[in-house]
Amino acid sequence: MAVDELTKVFRWILDVEPEWPSHEDIRPRKDASLRWAQGETVQRSLSLLPPDERQRVLRFYHIRDAKLSLGSQLLKHCAIVRTCHVSWPESIIAKDHNHKPCYIPANDHDRQCEFNVSHHGSLVALAGCSQKDVQLGVDVVQIDVAKDVPKVRQEGWQSWVNTFEAVFSAREVQDIVSWEPVDTLSEEDTLQAKIRLFYAHWCLKEAYVKMTGEALMASWLQDMDFRNVQVPRAASTLPIGQSNDDWGETVSDIEIWQSGKRVRGVRLELQAFRDDYLIGTAASKLDLPFSPYQLLDLERDVLPVAGSI
């Protein structure tokens, strides 16, 4: 698990389900996370967190939320340790003026670590780098077609999209509503392709907003739109020889417009993972290279970084 010194944005993925399996009979309840935490691997992982972070992980009623929270905290600490060359106990996660998690070095001349984390489904994604004066944003979204298709059929495509109009500009809404796939598809496949396009827009906007440190209720959201949004194809749909295990296409020729003016100097990228995930990455420097995402293994890549504490 290499960290690209200064020159690149490193990007990691952790799938929490195989790392911390749970019994299906543990239903959402006040002590669900506590019951799940009795497992040896979970206890070992929790022991690496400060008491306040450990308590936040164990407050969740849903075990999946606890897993994602635990994975998120471990990746943040891991990024700080690997990038800043500090010990695990020194990798203190603070909050900036926007309440965005960050690392504040003890001294101005110490190594920096900018990072951002997102989680959805069973994945935790982290983007990080050691450059100063760089802001990063990452968003991962799992597309649940089985959940969305019935709602779209009931409400109608335009009505369903309009439900989210507070997040998108008028042009984006029109682009999403009017889009049709180039290939001739069945009615069902066309609807699924449209839903995938919707989440491509959503994922990019989330990543960009997180880069700025603001939330999806930012006052300028409806004045900003992404143009030339292409949906990266999943690995299973790529021709033989073009796919790389679970990794699908990557698209990056996305234009950002704010109040009718082109925004330059920001790098955006959208990555397909497996059949149902999209991962958006945003960086405030256009010339900052992105390393390919790495799917991490807890035992191999994360726990050894903590060492003996």
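## Arg196 in helix α9

Arg196 sits in helix α9. Helices here are DSSP runs of H or I with at least four residues, strands are runs of E with at least two, and both are numbered from the N terminus. This is a predicted model, in which local features need pLDDT of at least 70, side-chain atom pairs count only at pLDDT 80 or more, and totals for chains, interfaces and linings use all residues. Residues are numbered from 1 along each chain as its sequence is written, and side-chain values use heavy atoms, with hydrogens and water left out.

Is Arg196 buried or exposed? Its relative accessibility is 15%, so Arg196 counts as buried. Buried means under 20% relative accessible area, exposed means over 50%, and partly exposed lies in between (1.4 Å probe, protein chains only). Leaving out residues up to four places away in sequence, Arg196 touches Ile143, Val231, Pro232, Arg233, Ala234, Ala272, Asp275 and Leu278. Contact means heavy atoms within 4.5 Å. Tyr277 is 81 residues from Arg196 in sequence, and their C-alpha atoms are 9.5 Å apart in space.

## The sheet under α9

Helix α9 (residues 187-212) lies across β6, β11 (267-273) and β12. The helix runs at about 150° to β6. Axes are lines fitted to C-alpha atoms, for helices over the stretch in contact, and angles run from 0 to 180 degrees between N-to-C directions.

These strands belong to an open sheet of four, in the order β6-β12-β11-β8, with antiparallel pairing. β6 (136-142) and β8 (247-251) stand at the edges with a single partner strand each, so one side of each is left without a neighbour in the sheet. The twist averages 15° from one strand to the next. Two strands pair if DSSP finds at least two bridges between them. β6 and β12 (residues 277-283) run antiparallel and are joined by seven bridges. Val140 has Ile279 as its bridge partner in β12.

## Strand β1, covered on both faces

Seven of the seven residues of β1 are buried. In a regular strand the side chains alternate between the two faces of the sheet. On one side of β1 are Val9, Arg11, Ile13 and Asp15, and on the other are Phe10, Trp12 and Leu14, all buried.

β1 has pairings in both senses. With β13, β1 pairs in the parallel sense over four bridges. With β5 (residues 123-129), β1 pairs in the antiparallel sense over six bridges. Ile13 takes part in each: Leu295 stands opposite in β13, and Ala125 stands opposite in β5.

## Helix α10 and its buried face

Which residues of helix α10 (residues 298-306) are buried? They are Leu298, Asp301, Val302, Leu303, Val305 and Ala306. Seen down the axis of α10, these buried residues fall within an arc of 155°, so they line one face of the helix. The arc is that of the directions from the helix axis to the C-beta atoms. An α-helix has 3.6 residues a turn, so residues three or four places apart point the same way. The buried residues of α10 pack against β1 (9-15), α1 (16-19), α3 (40-46), α5 (63-84) and β13 (290-295).

Both ends of α10 have a local feature to check. At the start, a side-chain oxygen of Asp297 reaches to within 3.1 Å of the backbone nitrogen of Glu299. After the helix comes Gly307, with a positive phi near 65°.

Most residues other than glycine have a negative phi. His85 has a positive phi, near 60°. His85 lies in the loop between α5 and β2 (93-95), and at 51% relative accessibility this residue counts as exposed.

Ser259 also has a positive phi, of about 50°, although it is not a glycine. Ser259 is in the loop between β9 (255-258) and β10 (261-263). Its relative accessible area is 53%, so Ser259 is exposed.

## The whole chain

The protein chain has ten helices and 13 strands. Its radius of gyration is 20 Å, close to the 19 Å that the globule rule gives for 309 residues, so the chain is as compact as a globular protein of that length. The radius is taken over C-alpha atoms, and the rule is 2.2 Å times the number of residues to the power 0.38. Along the principal axes, the C-alpha atoms fill a box of roughly 55 × 50 × 45 Å.

Buried residues make up 50% of the 309 residues. Among contacts between residues at least 6 apart in sequence, 62% join residues at least 24 apart.

Key: A polar contact is a pair of N or O atoms within 3.5 Å; within protein, one must be able to donate a hydrogen and the other to accept it, and residues adjacent in sequence count only if both atoms are side-chain atoms.
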